[in-house]
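Thanks for coming. I have one structure to show today, and I will keep it short.

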Amino acid sequence: MQPLLHPAASALGWRGIVVPDVAVLGHQVSAVVRVRADVHEWRSANGWPPQADPSWFRSWFEPAAHDRLPVPAVELVGVLVGESTVDRALQSCGTLMTLAPCSVVLPAPQGAQSWPLIELDYYGIGVVAVDAAGAAELLVPPEDRSTEFGPSLFGRWLLEVLYDRVLKEVPANARVNG
């Protein structure tokens, strides 16, 4: 799946850093994020490293413990999911599409012939087919329905997890992107 991620993100027009293999709600997904350079610099200078530990987030409900919270240093552009059936794609993207656009990545040429794309389109889930040579075709554009749901504590925690992964896995000179 990993070699398909970059062509899929390009076909979707998602510019950013691809963070592969993120465990989210029992699913392995990949995310495309953009580092907010100004926030990253401020957080680095002021001792606010990524806070990916879920117990730290649970403490946010106790204002006495945390009178201020860090601003997110990454923006979630979209989520990429590799699945083999429509049901699994709907299940994987179901909750995640409340946070950002979600797209299924399929190995081509199966794409349009074997998947009922209309059902995915109905729910706003995108579909990208990528062949072995890395050529990607956008079959169904995803919709950004995140504004319908508003922010969530889970979404904020996921941003910290992704920020942590970017800092650990991406060279510093490749982090700031448009």
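Predicted model: local features only at pLDDT ≥ 70, side-chain atom pairs only at ≥ 80, totals over all residues.

Residues are numbered from 1 along each chain as its sequence is written, and side-chain values use heavy atoms, with hydrogens and water left out.

A disulfide here is a pair of cysteine sulfur atoms within 2.5 Å, and by that rule the count is one. The partners are Cys 93 and Cys 102, with their sulfur atoms 2.1 Å apart. The torsion about their S-S bond is about -65°, so this disulfide is left-handed. Cys 93 is buried, at a relative accessible area of 0%, and Cys 102 is buried as well, at 1%. Buried means under 20% relative accessible area, with a 1.4 Å probe and protein chains only.

Now the pocket. On a 1 Å grid over the protein atoms alone, a pocket is an open set of points where a 1.4 Å probe fits, with protein on both sides within 12 Å along at least five of seven lines; lining residues have an atom within 4 Å of a point. The largest pocket has a volume of about 280 Å³, counted as the space filled by probe spheres set on the points.

Its lining has 16 residues, and nearest the centre are Leu 99, Ser 146, Pro 151, Gly 155 and Leu 159. Helix 8 (153-169) and strand 3 (74-81) each supply at least two lining residues; helix 8 gives the largest share, five. Helices (H or I, at least four residues) and strands (E, at least two) are DSSP runs, numbered from the N terminus.

Definitions and conventions. Buried < 20%, exposed > 50% of the residue type's maximum accessible area, 1.4 Å probe, protein only.
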